[in-house]
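Biologist: I would like to go through this model step by step. Shall we look at it and take the questions one at a time?

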Amino acid sequence: MENFPGMQLDTLWILLGAALVYFMQAGFAMVEAGLTRAKNAGNIVMKNMMDFACGTPIYWLIGYGIMYGSANAFFGGIFPFCSGFDSNSLIGTIPMWAHMVFNTVFCATSATIVSGAMAERTKFKSYLIYSVFISAVIYPIEGHWVWGGGWLSNLTILGWTGFHDYAGSTVVHMTGGICALVGAALLGPRIGKYDKEGKPHAIPGHSITLAALGVFILWFGWFGFNPASSYGLSTTAQAFDVSNVFMTTNLAAAVATVVTMLFTWIRYGKPDVSMTMNGSLAGLVAITAPCSAVDPWAAAIIGAVAGILVVLSVEFFDKIVRIDDPA
């Protein structure tokens, strides 16, 4: 069995990151449960638990091979161990199992994003079918394009080669977001969301405290999501990279939170609590792709833009296209 200097530290780092990202499942569950009505809390929590529980074995059996196999530029393979993988091998400087676990929790994050947008309107068995499908096919295929050596990772435009997404603004969050948008649009709004003239009415969540706890958990979990995407911490270059990622991640989220609070204060006459919490998450999502490639000042600008865009986006989907996204 191969052994490389720093292998133990790199493995510890990636597994710690995987644990933090797994804890984000709790954050999503709390945000979604808090921003919806109490009668749906059990259903929402169960969905957030089961998309991880169902997604884990299906990603192990099928998804990982599709994502990291080497069949072609669009589709990696079928089963991991029929796609050139050896369970005793290393991926870079970490064991394959550690690499698979880290990518499993990322897959689960993409899957669970959909739960909030489709809350209060989705049958439990239908959601389970979706969870299996996104974990087995949707997420692994587009993940292969960017992180598995697929066509996007080798795309050249105007001298720039490769699609850069350090930790998954596109691979994870856009994938989950598009699925959420399509699902919410197909389901239609909740009963009572719009009146006969199409004017939206707020349906308050039952616990802003619970939702805030979820945001705190997600912000905390993002310190595993982004920094651990370095896939190591044993070299000087990695130490500087991870430190920068910690700084840019936190700064973008903080600036986005402040900007959203101020923007809603000016726009609505008072700061909007739930919108401000969404601003925190918008800043985190926005910085996830470029977190290793930008300096703190740029991260602050990214966070500020995200903090404004999230308010305008919520208003657009709520009032213009009338897509009901409860959380």
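Modeller: Helices here are DSSP runs of H or I with at least four residues, numbered from the N terminus. The model is predicted.

Biologist: Between which helices is the loop that holds Tyr231?

Modeller: Phi of Tyr231 is near 60°, a positive value in a residue other than glycine. Most residues other than glycine have a negative phi. Tyr231 counts as partly exposed, because its relative accessibility is 26%. The loop that holds Tyr231 runs between α6 (208–225) and α7 (236–268).

Biologist: Which residues form one aromatic cluster?

Modeller: A pair of aromatic rings is described by the distance of the centres and the angle of the planes. The structure holds 14 aromatic pairs. The residues that form one aromatic cluster are Phe102, Phe106, Trp147, Trp222, Phe225 and Tyr231.

Biologist: Are the planes of the Tyr59 and Tyr64 rings stacked or edge-to-face?

Modeller: Tyr59 has 0% relative accessibility and counts as buried, and Tyr64 is also buried, at 0%. Planes over 60 degrees apart count as edge-to-face. The ring centres of Tyr59 and Tyr64 are 6.0 Å apart and the planes are at 80°, so the pair is edge-to-face.

Biologist: How many disulfides are there?

Modeller: A disulfide is a covalent bond between the sulfur atoms of two cysteines, and the cut-off for counting one is 2.5 Å between the sulfur atoms. The closest cysteine sulfur to that of Cys54 is in Cys107, 12 Å away, which is too far for a bond. For the sulfur of Cys291 the closest cysteine sulfur is also in Cys107, at 20 Å, again too far. The count of disulfides comes to 0.

Biologist: Is Cys291 buried or exposed?

Modeller: The cut-off for buried is under 20% relative accessible area. Cys291 has 0% relative accessibility, so Cys291 counts as buried.

Biologist: Which helices each supply at least two residues of the lining of the second largest pocket?

Modeller: Rolling a probe the size of a water molecule over the atoms shows where empty space is left. About 180 Å³ of space lies in the second largest pocket. Its lining includes Tyr22, Phe23 and Gln25, along with Asn48, Met49 and Phe52. The helices that each supply at least two lining residues are α1 (7–34) and α2 (41–68).

Biologist: How many nonpolar residues does the lining of the second largest pocket have?

Modeller: Ala29, Val45 and Ala53 are among the lining residues. Ala and Val count as nonpolar. By class, the lining has no charged residues and 2 polar ones, and the number of nonpolar residues is 8.

Biologist: Over the ring of which residue does the charged end of Lys47 sit?

Modeller: For a charge to sit over a ring, NZ of Lys must be within 6 Å of the ring centre. The charged end of Lys47 is 5.5 Å from the centre of the ring it sits over, that of Tyr127.

Biologist: How far apart in space are Gly69 and Leu16, C-alpha to C-alpha?

Modeller: Gly69 lies in the loop between α2 and β1 (90–91). Gly69 is buried, because its relative accessible area is 1%. Gly69 and Leu16 are 53 residues apart in sequence, and their distance in space is 25 Å.

Biologist: What is phi of Arg322?

Modeller: Arg322 is in the segment after α9 (296–320). Arg322 counts as partly exposed, because its relative accessibility is 41%. Phi of Arg322 is a positive value in a residue other than glycine, near 55°.

Terms used:
Residues are numbered from 1 along each chain as its sequence is written. This is a predicted model: local features need pLDDT of at least 70, side-chain atom pairs count only at pLDDT 80 or more; totals for chains, interfaces and linings use all residues. Side-chain values use heavy atoms; hydrogens and water are left out. On a 1 Å grid over the protein atoms alone, a cavity is a set of points where a 1.4 Å probe fits but cannot get out, and a pocket is an open set with protein on both sides within 12 Å along at least five of seven lines; lining residues have an atom within 4 Å of a point. Grid points are joined across faces, edges and corners, and a volume is the space filled by probe spheres set on the points. Buried means under 20% relative accessible area, exposed over 50%, partly exposed in between (1.4 Å probe, protein chains only). Rings of Phe, Tyr and Trp (its six-membered ring) pair if their centres lie within 6.5 Å; planes under 30 degrees apart count as stacked, over 60 as edge-to-face and the rest as tilted. A charge sits over a ring if NZ of Lys or CZ of Arg is within 6 Å of the ring centre and within 35 degrees of the ring normal.
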